[in-house]
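Q: I would like to go through this structure with you. Could we begin with the charged side chains?

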Amino acid sequence: NKVKLLGELLVELGIVTPEQLAHAQGAAREEGLSLARVLVREGLVLSRDMAALMALHLGFPMVDLRSQAIDPDAVAAVPEHIARRYPVLPLKTEEGRLTVAMTDPMDFRLIQDLAALTGSSIQPVIATAEDILEHIDVSYRLMESSGEGASDASTASAGDKVTARQL
């Protein structure tokens, strides 16, 4: 079980004590949250450190959303309230595959739900919750403004890919 192994790795590295891990595992089970989410919420592990550890441990790429091109068509595939709730951010679509930034790429229920919602297979990549939420704000606001002001040449068109640094 990779989640259990991640917890053991955190103890071995001295990041959390066995007692802190046991408490966080219990809270995760009770609340139906991932262990990673509980550890970050409790302030036991910084979100960027957790994202980097998960990327290394699980073999998923970690993305820096500040320099990542975000395709508005991909963003449009997932309603904003869903993106905020989980937190996830669709980045691009390619050959029936939707690349989605998320904090926990081992959340198979979320991946299945996103696949059912979008009709695409989901390719997870790792980012911090803070980065995802910040870019949800930017991406959905940009989508709204491009839809409302499509005749305005200064507004990005629906097909434009932008990065946060360009805004």
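Q: Is Asp64 buried, partly exposed or exposed?
A: This is a predicted model. In it, Asp64 is partly exposed, its relative accessible area being 28%.

Q: And which residue does Asp64 form a salt bridge with?
A: The partner is Arg66, and the closest N and O atoms of the pair are 3.0 Å apart. Arg66 has a relative accessibility of 38% and counts as partly exposed.

Q: How many salt bridges does the structure hold?
A: There are six salt bridges.

Q: Which parts of the chain does the pair Asp137 and Arg84 link?
A: Asp137 forms a salt bridge with Arg84, with 2.4 Å between the closest N and O atoms. Asp137 belongs to helix H8 and Arg84 to helix H6, so the pair links distant parts of the chain, 53 residues apart. Asp137 is partly exposed at 32% relative accessibility, and Arg84 is partly exposed at 34%.

Q: Which residues are linked in a network of salt bridges?
A: Glu31, Arg41 and Glu42 are linked in such a network. Within it, Arg41 and Glu42 form a salt bridge whose closest N and O atoms are 2.9 Å apart.

Q: Changing topic: where is Val16, and is it buried or exposed?
A: Val16 is in the loop between helix H1 (2-12) and helix H2 (18-31). Its relative accessible area is 4%, and because buried means under 20%, Val16 counts as buried.

Q: What is Val16 in contact with, leaving aside neighbours within four places in sequence?
A: Its contacts are Leu10, Val11, Leu21, Leu39, Leu44 and Val45. Val16 and Leu44 are 28 residues apart along the chain, and their C-alpha atoms are separated by 6.7 Å.

Q: Which residues touch the most other members of the largest nonpolar core?
A: They are Leu65, Leu89, Leu91, Ala101 and Leu114, in a core of 24 residues. Several elements each supply at least two residues of this core, including helix H5 (72-76), strand E1 (88-94) and helix H7 (108-118). Strand E2 gives the most, with four residues.

Q: What lies apart from this core?
A: Another core lies apart from it, of 19 residues, among them Ala27, Val38, Leu53 and Met54.

Q: And the overall fold: how many helices and strands?
A: The protein chain has eight helices and three strands. In sequence order the pattern is α-α-α-α-α-α-β-β-α-β-α. Of the 167 residues, 41% are buried.

How values were computed: Residues are numbered from 1 along each chain as its sequence is written. This is a predicted model: local features need pLDDT of at least 70, side-chain atom pairs count only at pLDDT 80 or more; totals for chains, interfaces and linings use all residues. Side-chain values use heavy atoms; hydrogens and water are left out. Buried means under 20% relative accessible area, exposed over 50%, partly exposed in between (1.4 Å probe, protein chains only). A nonpolar core is a set of buried Ala, Val, Leu, Ile, Met, Phe, Trp, Tyr and Cys residues joined through side-chain atoms within 4.5 Å. Contact means heavy atoms within 4.5 Å. A salt bridge is a side-chain nitrogen of Lys or Arg within 4 Å of a carboxyl oxygen of Asp or Glu.
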